[in-house]
Amino acid sequence: MKYDRVRDADPQVADALEAEVERQRDTLAMIASENHVSEAVLEAQGSVLTNKYAEGYPGSRYYGGCEHVDTVEELAIERAKELWGAEYVNVQPHSGSQANMAVYFAMLDPGDKILSLDLTHGGHLSHGHHANFTGQLYEVEQYEVDPETGYLDYEVLREHAEEFDPDIVVSGYSAYPREVEWDRIQEAAEAADAYHLADIAHITGLVAAGEHSSPVGVADFVTGSTHKTIRSGRGGIVMTNDEEYADAVDSAVIPGMQGGPLMHNVAGKAVGFEEALEPEFEEYAAQTVANAEALGESLQEHGFGLVSGGTDTHLVLVDLRESHEDVTGKDAEKALEAVGIVLNANTVPGETRSPFVTSGIRAGTPALTTRGFDEDDCRYVGDLIARVVNNVDDEDVKAEVAEDVQELCEANPLYE
């Protein structure tokens, strides 16, 4: 993959782009929120739509010349409705965090109450962390997973909601490896007369393919990212089956929080959604989950402890304190990156270390599955991870594992 026109204009950026292609080809992308989109999505996102301002919505733009971007956005919307069974969809948010922002701005006033999962237990910054705008604009309390099981305790959550009396309850998580019982969280929200926002950023593709239950039609609002397990153009999405909220969400997106949509990204979403409507995508999603299960089983066989004891999704969350008390998540992340396995240090329930150090690692299988990895491959990757984490300071072991990683990459080529 070359960038000849970029090289003519800017050799330094061309060098960086081509180096990134090689990095992705020669490493195993296991950050759970990453994936490899198709070349069709890449082409759409690099298209002439980057030139077009299109504030507003199809058929009601502030500028002229929008007939073709209207077509693209309408296609993205209709395909999203088909994928997730939603009656209303907004595809303009630039990210999953901005999709959440749209719901907050549409339905809440500053000072209103949010009840959400604690970040160290698998939540997300945009759900109410003090460093995020949500923690600064709203009153936030957070629930936790059961410290013994690693699962959500829905009864405790309901009691917390009734006591705190929030205006909105947030579900959907960035490091929770189990299937979510959306109806149980909806019951907690209803007990507090609160809205329910389900953020499916990580599992958009699993929900679309039926590998994870859907909150659409259960929660008042469903938000998500469009570049993780759904493998389309990078950005965010807001959905609801309550049409009464549609105008408020549309107004919150524009003019409330952003101006012109990134129409080239909307085109990437449209193309990725079309790909996800093909039968092969269901096979991909099923394989992603099977691969995560195989990866988790392999790590457990090597003595690693998994939060909740396993996974139902695309990721495993490893608590290193159970097997490697002196190895931090950051230690493991750096050692693994050195051999070509790229995942991330992650907080775990009951975290005692800084979020910049952590006691855990999070590993996902979406990108490996895109490259063609199966369960046996992922069990082998688990073996390699264990070899490195068991020997974080042994350069000979890391050199051997690096060669094994290269063989896996060559056997499963990317962007040939």
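Is Glu141 counted as buried, partly exposed or exposed, and at what relative accessibility? At 32% relative accessibility, Glu141 counts as partly exposed (buried is under 20% relative accessible area, exposed over 50%, partly exposed in between, with a 1.4 Å probe and protein chains only). The model is predicted, with local features needing pLDDT of at least 70 and side-chain atom pairs pLDDT 80 or more, while totals for chains, interfaces and linings use all residues. Residues are numbered from 1 along each chain, and side-chain values use heavy atoms, without hydrogens or water.

Glu141 lies in strand β6. Together with Glu139, Asp153, Glu159 and Glu163, Glu141 forms a surface patch of negative charge (residues with over 30% relative accessible area and no salt bridge, like charges joined within 9 Å; a salt bridge puts a Lys or Arg side-chain nitrogen within 4 Å of an Asp or Glu carboxyl oxygen). Two or more patch residues come from each of β6 (139–143) and α7 (154–164).

Aromatic pairs number 10 (ring centres within 6.5 Å; planes under 30 degrees apart are stacked, over 60 edge-to-face, the rest tilted). Tyr195 and Tyr245 are edge-to-face, because their centres lie 5.9 Å apart and their planes meet at 85°. This pair links distant parts of the chain, 50 residues apart: Tyr195 in strand β8, Tyr245 in the loop between β10 and α10. Tyr195 is partly exposed at 26%, whereas Tyr245 is buried at 12%.

Phe281 and Tyr284 form a tilted pair, 5.5 Å centre to centre with 40° between planes. Both lie in helix α12, 3 residues apart, about one turn of the helix. Phe281 is buried at 3%, and Tyr284 is buried at 8%. Ring pairs also join Tyr104, Phe105, Phe133 and Tyr138 into a cluster.

Conventions. Patches are made of residues with over 30% relative accessible area and no salt bridge: like charges are joined within 9 Å, nonpolar side chains (Val, Leu, Ile, Met, Phe, Trp, Tyr) within 5 Å. Accessible areas come from the Shrake-Rupley method with a 1.4 Å probe; for residues, only the protein chains shown count as cover. Lys and Arg count as positive and Asp and Glu as negative; His and the chain ends are not counted. The place of a charge is taken as NZ of Lys, CZ of Arg, CG of Asp or CD of Glu. Helices (H or I, at least four residues) and strands (E, at least two) are DSSP runs, numbered from the N terminus. Rings of Phe, Tyr and Trp (its six-membered ring) pair if their centres lie within 6.5 Å; planes under 30 degrees apart count as stacked, over 60 as edge-to-face and the rest as tilted.
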